[in-house]
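Good morning, and thank you for coming.

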Amino acid sequence: MQLSTAHHDERLTAPRSWWGIAVMTGLAGALMLLPLGTLPLLAGLVGGTALAGLVVSSYGSARVRVVNGALAVGDARIPVSALGEAEILDAEEARAWRTYKADTRAFMLMRSYVPTAVRIEVTDPADPTPYVYVSTREPQALVSALRAARAA
């Protein structure tokens, strides 16, 4: 039996402004070390920029996929058989589900720089997680891929 290929594959990357902030952090590190000379200044510039870039890259690169009958969100893999209906959330509704409507038991992959999201019910009775909240720039494509995977 051949496993199905990915129906949906999306990488959530940090916005360009965050990379600008990483460069500014490196510049701040360089300016702090300016009184110590040229080599410390360069070390502060390179080290500060690299460290800030590493933080931006690690937080900013989440992956959302529907592959082989499972929803792979970040490090989590959830079989589509354990998922119920998916609801597309516009920017306002997504903000509401991130704040006052949120359930502390829910699995959430939130990225503040992505305004839209999908909320998917968890129907597995053995799982206390009520729903999965996933930030996505392509909510319609994610919902379609989940429906296709469930039907397969």
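This is a predicted model: local features need pLDDT of at least 70, side-chain atom pairs count only at pLDDT 80 or more; totals for chains, interfaces and linings use all residues.

The buried residues of helix α4 are P139, L142, V143, A145, L146 and A149, where buried means under 20% relative accessible area, computed with a 1.4 Å probe on protein chains only. They cover an arc of only 160 degrees around the axis, so they lie on the same side of α4; the arc is taken from the directions from the helix axis to the C-beta atoms. Their cover includes β1 (8-12), β2 (62-67), β3 (70-73), β5, β7 and β8, with contact meaning heavy atoms within 4.5 Å.

Residues are numbered from 1 along each chain as its sequence is written, and side-chain values use heavy atoms, without hydrogens and water.

Helices (H or I, at least four residues) and strands (E, at least two) are DSSP runs, numbered from the N terminus.

Now to the sheet. Four strands form an open sheet in the order β5-β7-β8-β6, with mixed pairing; two strands pair if DSSP finds at least two bridges between them. Why does one side of β5 and of β6 lack a neighbour in the sheet? Because β5 (83-89) and β6 (107-109) stand at the edges, each with a single partner strand.

β6 pairs with β8 (residues 131-135) in the parallel sense, over three bridges. Within this pair, F107 stands opposite V132 in β8.

Note on methods: Buried means under 20% relative accessible area, exposed over 50%, partly exposed in between (1.4 Å probe, protein chains only).
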